[in-house]
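Here is a short report on strands, cores and aromatic rings. Please look over the sequence and the model before reading on.

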Amino acid sequence: MEMAAALPSSWEELPPDLLGLVLRRLPSLADRAHLRAVCRPWRAGAHPQRHKPLPPPLPWLALRDGTLVDLRGAPVRCASILREGVFRYLAVDNLAFLVDNDGGCSLMNPLSGLTLPLSKLAPAVSRALENSAYDQSYARKTHAKVILSSPIDSTPDPLVAIVIRDVVIRDGLSLAISPSKDHDAISISMPPEWPGGLPTSISDIAFLHGELYALTVYEGLYIKLDVIGLCEPNFFHQCIVDDPKQQKIYTTYQQWQQQIYFEGPGRYSEYMVMRYIAESNGRLLMVRRWMSFPSGARLGDYDTTFRFDVFEADLTTVPGRWTKVENLGGQTLFLGSQCTKSVPASQCAGGVQEDCIYFMHRVFDNPCKEYIGPCVNPLGDSGVYNMRDGKITPFLPEPVMAELQRKRQFLTWFFPADA
């Protein structure tokens, strides 16, 4: 009888510790909000849990039209990302980077609706375009990727870095860097590939320990010194030398010749390699993504990701080098052209697989208003790559995949912060 008397007499009297255990097992941020909304005692009981680190919730999917959906395909109620005067947006962790019709930039939290203007950033983008073949009307189309040096509320003035791309060849050629709140912004061009040549093309950028790193298409790694203070001179220091043997496109020409000789004329395959970098538990990783596509086919229609190679930057030598790794050290990597993030698999609610890469279809193969011709599958070859066995599986249930495919919109990762 004493034991029975110690038990809560109703669901409203669940102890905070038990509510905390429930919260830890809810992978969806919406489910956590629903728990807190059940009744006042549950909301009050869950409140102390905010001072304890909860596992990060599962990411959402951000659609080109500004809507957000969870991994079950359910829409997320939030402030409108694309509104009057906004030309486009890019996902940045748990924020949306807005580009206005006049080229102005800002950061927005879709859950709260709060917006942080980045008044100094647009002039820096314009300065970066001064030596290009495009006029300022292209400024609003040139933002390829945006990253933050730290969460917007964790430091007084985190940095915003943007890859500015050539809108025709779709390579990043320069960067714009701005404090999110104070001071001026700067623009930086990469070193030229040869005297008088174009700047080295940028594949991706990432912050590590407050320093900004840029990865080139030839797997060279560059660091921007004194980036926190935005000090002069505005140039990159090379950490890992470019490898001219690396290519974007590889052709199995010899196999094609053999096929003609033994089997008659046929189409040979080509392979495209995309390269990403990401901070992962204090390490800087480079990811090679291998995709095959039939020769002559339009990119995005038939290309298929079939393998990933992962390397860690070893900067203990001069110059540094890339060292291949066989696992992610218990991390999970969510990979996308706009937004990439590494999370601890054991701490992420929902049972994401460790040493796996959850990857999105390529951004520029998906439909948008600038493209002409038939739309491609927006999910394309998206999936989960397991580094342990090399297998690729779907990352969403088939009904959710089918529903998203009907929307015919590009998707990227969005990482909500627990409220």
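Over the ring of which residue does the charged end of Arg307 sit? The ring is that of Trp290, and the charged end of Arg307 lies 4.7 Å from its centre. A charge sits over a ring if NZ of Lys or CZ of Arg is within 6 Å of the ring centre and within 35 degrees of the ring normal.

This is a predicted model: local features need pLDDT of at least 70, side-chain atom pairs count only at pLDDT 80 or more, and totals for chains, interfaces and linings use all residues. Residues are numbered from 1 along each chain as its sequence is written, and side-chain values use heavy atoms, with hydrogens and water left out.

**Aromatic pairs**

The whole structure holds eight aromatic pairs. Rings of Phe, Tyr and Trp (its six-membered ring) pair if their centres lie within 6.5 Å; planes under 30 degrees apart count as stacked, over 60 as edge-to-face and the rest as tilted. Two of the pairs are set out here.

| Pair | Centre to centre | Angle between planes | Class |
|---|---|---|---|
| Phe308 and Tyr385 | 5.2 Å | 55° | tilted |
| Phe334 and Phe415 | 5.8 Å | 75° | edge-to-face |

Phe308 lies in strand β18 (residues 304-314) and Tyr385 in strand β23 (residues 383-386), so their pair ties together parts 77 residues apart in sequence. Helices (H or I, at least four residues) and strands (E, at least two) are DSSP runs, numbered from the N terminus. Phe308 is buried at 4% relative accessible area, and Tyr385 is buried at 8%. Buried means under 20% relative accessible area (1.4 Å probe, protein chains only).

Phe334 belongs to strand β20 (residues 331-335), while Phe415 is in the segment after β25, 81 residues away. Phe334 is buried, with 1% relative accessible area. Phe415 is buried too, with 6%. Ring pairs also join Phe334 and Phe415 with Tyr358, Phe395 and Trp413 in a cluster.

**Nonpolar cores**

A nonpolar core is a set of buried Ala, Val, Leu, Ile, Met, Phe, Trp, Tyr and Cys residues joined through side-chain atoms within 4.5 Å. The largest one has 23 residues, and Leu61, Tyr358, Leu396, Leu404 and Trp413 have the most contacts inside it. Two or more residues each come from β1, β22 (356-359), α7 (398-407) and β25. The largest share, three residues, is from α7. Another core lies apart, with 22 residues, among them Phe97, Val125, Val146 and Ala185.

Leu396 touches Leu61, Leu71, Met401 and Leu404, leaving out residues up to four places away in sequence. Contact means heavy atoms within 4.5 Å.

**Sheets**

Three strands form an open antiparallel sheet in the order β2-β1-β25. Its edge strands are β2 (68-69) and β25 (411-414). Strands pair if DSSP finds at least two bridges between them. Two bridges join β1 (residues 60-63) to β2. Ala62 has Leu68 as its bridge partner in β2.

Phe414 lies in β25. At 2% relative accessibility, Phe414 is buried. Its C-alpha atom is 5.6 Å from that of Pro59, 355 residues away along the chain. Beyond four places in sequence, the contacts of Phe414 include Trp60, Ala62, Leu68 and Pro110.

A second open sheet, also antiparallel, runs β3-β4-β5-β6. Here β3 (86-92) and β6 (115-117) are the edges. Four bridges join β4 (residues 95-100) to β5 (residues 105-108). Phe97 has Leu107 as its bridge partner in β5.

Note on methods. Buried < 20%, exposed > 50% of the residue type's maximum accessible area, 1.4 Å probe, protein only.
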